[in-house]
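Trainee: I have a new structure to read. Please walk me through it.

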Number of protein chains: 2
Amino acid sequence: MEEKSMRLESVPLNKIRIADDFWGRYMRLVTDKILPYQWEVLNDRVSDAEPSHCISNFEIAAGRKKGEFQGFVFQDTDLAKWIEAAAYSLAFAPDHKLEQTVDEAIELIGEAQCPDGYINTYFTVKEPEGRFKNLSEGHELYTAGHMMEAAVAYYEVTGKDRFLKIMCRMADLLCDVFFSKAYEHGVPGHQEVEIGLVKLYRVTGNRRYLELAKAFIDRRGVEPNYLATEKLRPDWVDVFHNPDPYIPEYAQSDEPVKMQKTARGHAVRAVYMYSAMADLAYEYDDQELLRACETLYEDIVGKQMYITGGIGQSGLYERFTTDFDLPNDRNYSETCASIGLALFCRRMAQITHDEKYVSTMETALCNTVLAGIALDGESFFYVNPLEVWPDNLLPYTSMAHVKAVRQKWFPCACCPPNIARTLASLGEYAVSVLHDSVWINMFVGCEFEMKVCGAPVIVKIESAMPFEGKVKIAVRKKRTGEDDSEPSEGSQTEDIGALMDGALTELSLMLRIPSYAKNSRISVCTKDADDSSCGNSGYQEQNAVALEISATGIGREPETGSRQSFRQHGNDHSEGSFHEIRIPLAYDHDTTVIYEFDMPAEFIYANSNVRADAGKVAVVKGPMVYAAEQIDNGANLAAFEVDTEQGITEEYRADLLGGCMMLTVHGYRLVDDEPEKLYSAAAPKKVPAVLKLIPYAYWNNRGQGEMTVWMRKH
Amino acid sequence: MEEKSMRLESVPLNKIRIADDFWGRYMRLVTDKILPYQWEVLNDRVSDAEPSHCISNFEIAAGRKKGEFQGFVFQDTDLAKWIEAAAYSLAFAPDHKLEQTVDEAIELIGEAQCPDGYINTYFTVKEPEGRFKNLSEGHELYTAGHMMEAAVAYYEVTGKDRFLKIMCRMADLLCDVFFSKAYEHGVPGHQEVEIGLVKLYRVTGNRRYLELAKAFIDRRGVEPNYLATEKLRPDWVDVFHNPDPYIPEYAQSDEPVKMQKTARGHAVRAVYMYSAMADLAYEYDDQELLRACETLYEDIVGKQMYITGGIGQSGLYERFTTDFDLPNDRNYSETCASIGLALFCRRMAQITHDEKYVSTMETALCNTVLAGIALDGESFFYVNPLEVWPDNLLPYTSMAHVKAVRQKWFPCACCPPNIARTLASLGEYAVSVLHDSVWINMFVGCEFEMKVCGAPVIVKIESAMPFEGKVKIAVRKKRTGEDDSEPSEGSQTEDIGALMDGALTELSLMLRIPSYAKNSRISVCTKDADDSSCGNSGYQEQNAVALEISATGIGREPETGSRQSFRQHGNDHSEGSFHEIRIPLAYDHDTTVIYEFDMPAEFIYANSNVRADAGKVAVVKGPMVYAAEQIDNGANLAAFEVDTEQGITEEYRADLLGGCMMLTVHGYRLVDDEPEKLYSAAAPKKVPAVLKLIPYAYWNNRGQGEMTVWMRKH
């Protein structure tokens, strides 16, 4: 069980505060814009957005008003994800009024709960006889899962257990039903509850919840296949009125999960399930299940993932298709799917400590997830194409699912609150801890507290990422009596000072060396607390250790003698890894690690099996994928071709989109010889041209226009 | 009304016999394979094909058996198009047994007709109260149109009027209904009946039919919009249970037809409507309507047509989208839509005499329509992509509508019998006549009879097209008492010999000079009937006139003195035109015109606004578009890029696909530097490679595999 005990953990969100130029903006968006805006939407008070009906449905279910249920069967999840986001937000930005609003919402949820613990407004209000009568389409378990996640989040941040108890009653009911004979083969149509049940188990210790999650995963795709045969049950209720037959592959129920080698079906369902599989692999120390997770991860990342971390290539059924099928304009790449991919990768990274999962998580978060939300926080992409030509995104065509501009809300609004809860919980992705070690996953400027041998340690990260490879990590023991308000004091700091002043212990700082870092340079400076010689420019000091890591990621010996040991995790030189830096901890010693690396913008080629990208290049700089927009380059981006020989010019533009890197590539633009003709034997001319690129995450913040990530190579 | 009287006419199909290597094969397929096979399908006797239910529905409607209607609302049209095809087939290949089968089918139709003349098995059997209660979805008028076309065809070929009378009764009922107050704004949901009504008028002389066709066109898109508001009528009947709202644009009912400037909506509906508009423009000498037709034609050909003559870019709703939106892999390009385009263009060519319409008609017929049918005549494409990767054509994805192999039949089987009737009536496209002139549209080897000043003239065309630019046209007066069996004697030859023997008259031979013809060379040889000096190699004889037409299509003066005048039709030198050759007619003079031209395979570029084709080339030779197939080139055609500098090698391969041209282009193939990675900073290598091309019309006759028309340009 040693392997099991090695799982990394996230720092509790009330112990970490994010504050840097890049991510800080999004955190402020969550508190200042997204949460208030989405609350208004949930209450149908935003006149130019799609009505949500969400609160209204709860009010009807609670008997507070009369009316009819409106919206999708999973409409309740919008409130659940909003509460989860609000909880995370309260962790780093206490807000009495917000907390009161959440408390009131939880009261409403409680009133809408049935005497037996059942909670789901669709079935309570609209289809009371239909409970658990259509698991494929009913989304009751999916909805319950999100409610459980929200309840756990709110409990963990506030300590209030009202919502937790509501959801435990629902979970108890689910256990009764799904461990009963009638439902012994029953599984969720849309996975998610497995994640919620594991979280509920972890805070309550009730193993029945864990066992139900395990049962749902173990039963899936096993004969008799409940979902595939459900329609034949005499009490089956039609929910979607979908004339298509049930497609087991669509819901990953075509074979037992451990036998699944390729990511298939609905992308969000898939990655939510893989996340639960990872949780269960850890909880049950199930190496076979863990291997299945890794196989599925490798299939996604090696054959089915967009360079932006988008997944789900088919607009119809929002699903995976086949290896190397990565069309750029008609794809789905749902924001929620990339969120799910990040959830899955975070779990895998914490279990395996393998940097590759962190890398994919970062790609998904920095590109597709961020692209899902406007810089003003008030509009959202559900679908994330890599190539957009607004003219052909017509309603009632094959391209109708792709939108040229972010929408204020959606009839099916899973993505906006999902983005909110993801951004609000960024701290859970940024760093991980285990005993006396801290793992720096993403270079997010933040300050957090952790315990080393029971003593509180403060880690402060300053970062110029994602635009520049410059990170400063300051580590110090928390002084007795130090102001606890920032980061805020939590229940776990009561033993401050348990370690004797001046006693020497070590923190193991596991610094991520990402694959995009070239010429990594690490300097470690330990100094007396009163000494001010360490700093951005002062790290060649007496006690400092400078180390260079070559482009292949192999560390060479430090220049000066040092007790520090550096070792390489991962086994492929061209891949990223974690480097361990042992840092002495004492009241009179603060340590600063400065990590600098080159991160030149570079051209990236897709595997030639990717038909859609053949002969094309994309540009990345660090974790960010770049894109060309019409506003910077004129219309018809397809007419441009890149001369890669001419390189990439980089310029940080403080005035652009709140400050971002703009890249310039050089090449040619096609000019028709016979522009009046649709087809001509005369080859078009090529005239020299340049193309300006901005981060894909920031596209479509300056009005509607064409966009492309992949560009033809000259 | 002079303009009106100038409309060209097709030669009656019993006066023309097609016999050349290329098209002859298809004619034999119609008689030997397609008609017998499709008859079996219509009778549900092909076990591995989708059941048709078509004859069964008629038998139920006729009261011959009990049962339920099955299939689409327009299922009757499969029989209609089959009878139309059979009629055309009987014109050139008399077949007593086939005729008897058709007669029996017509009896069945007659029995299925209601006492008031109504004929439609769906509404008679399944929804008797629903007649004309849902014009948008009911397809009653569409179905009636195809039945009318079939009835007219059978009458014209056989002289039998049983079916014609059946359909006149239906047409009379339609006139009563749609000229009544209740339906004064009624129009067909799916256009087609307008074509049938015009044909019915032309054989019966009943102007009410013509007026109803005109009313349907005039009413369309005019307020009050019947189709858009139909759902509000108290007696509205739901047919499709489609949750989407009615989309006027989809059915070209969003504005009056004369105001429509762009082709929009469902492609088949569109071109069927444009065909009827052309018919009515001629019948009513309506120049405004004719201009609308030309505008719509120009929009299609200039902005929305694939190089193969395919139209309808969106898989969803089988519809036009927007200018220059021509995706190659997900398009619809329904076979029926290209058939409709050919129908429209034939009408426009006959009205305006403009070669451009002939050119488009030929493109559609030689590429998309022929690609719609396998060389064995037993399987069909409904959707005609220009790029296929079988791996990603998965069910329940955005690509599900595209098939990698032709299907034996379809639940919605409009295309197979539509191909049959089109091929069987090829003679109507190949040549046109007007008074003393004959217009050679397509270089189809055939023999036909026409009248010049009342005297029968035999024209025999031998052609090496579409693979070689060599055509021989022999013209002679029919001798008195000459065997009439080939071409078969018809009712219009009774005045043979009305012209005095030896009297000098002239035939105006309007020879098409297509835009793909380079260095056109025309030789005219008139000789005594007993003289054998004229021939393939003997056209530099005493009376011969040799003429060269430069690449720009401008004729220069003949080398020897001649009474012949050559003039250019059309006004753009780079476009095709018709050249007039006046041919003396006398019993003792036969004339042979030999037309030779260069037709090198060439690279074609799309307008750079076509995002999907940017940086790509296609290869055409004459009217045929060429395509690369996996079977000749290995997998991953996208990895290939063409070096256009290396030219195109041509080779006629008698052993390939029954004899066809194979082209070879040269270039490079991408080879991954890091094949195990999905994305890499290492540019792929390029290794020299060649790509073999075959006519697009012949693709997928050698098993499943990748195919592409557009190739990346090096």
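Mentor: Start with burial in chain A: of its 714 residues, 57% count as buried. A residue is buried if 20 or more other C-beta atoms lie within 10 Å of its own, exposed if 12 or fewer, and partly exposed in between, with C-beta atoms placed from the backbone. This is a predicted model: local features need pLDDT of at least 70, side-chain atom pairs count only at pLDDT 80 or more, and totals for chains, interfaces and linings use all residues. Residues are numbered from 1 along each chain as its sequence is written, while chains are lettered from A and ligands numbered from 1 in the order in which they are written.

Trainee: How many helices and strands does chain A have?

Mentor: Helices (H or I, at least four residues) and strands (E, at least two) are DSSP runs, numbered from the N terminus. Chain A has 19 helices and 23 strands.

Trainee: In what order do the strands of the open sheet in chain A run?

Mentor: Two strands pair if DSSP finds at least two bridges between them. Here 5 strands of chain A form an open sheet, β1-β4-β5-β9-β12, with mixed pairing. β1 (9–10) and β12 (577–585) of chain A are at the edges with a single partner strand each, so one side of each lacks a neighbour in the sheet.

Trainee: In which sense do β4 and β5 of chain A pair?

Mentor: Antiparallel, over 4 bridges, between residues 431–434 and 437–440 of chain A. A:Val431 faces A:Ile440 in β5(A).

Trainee: Is α15(B) mostly covered or exposed?

Mentor: Covered: 18 of the 18 residues of α15(B) are buried. Just after α15(B), B:His353 has a positive phi of about 65°.
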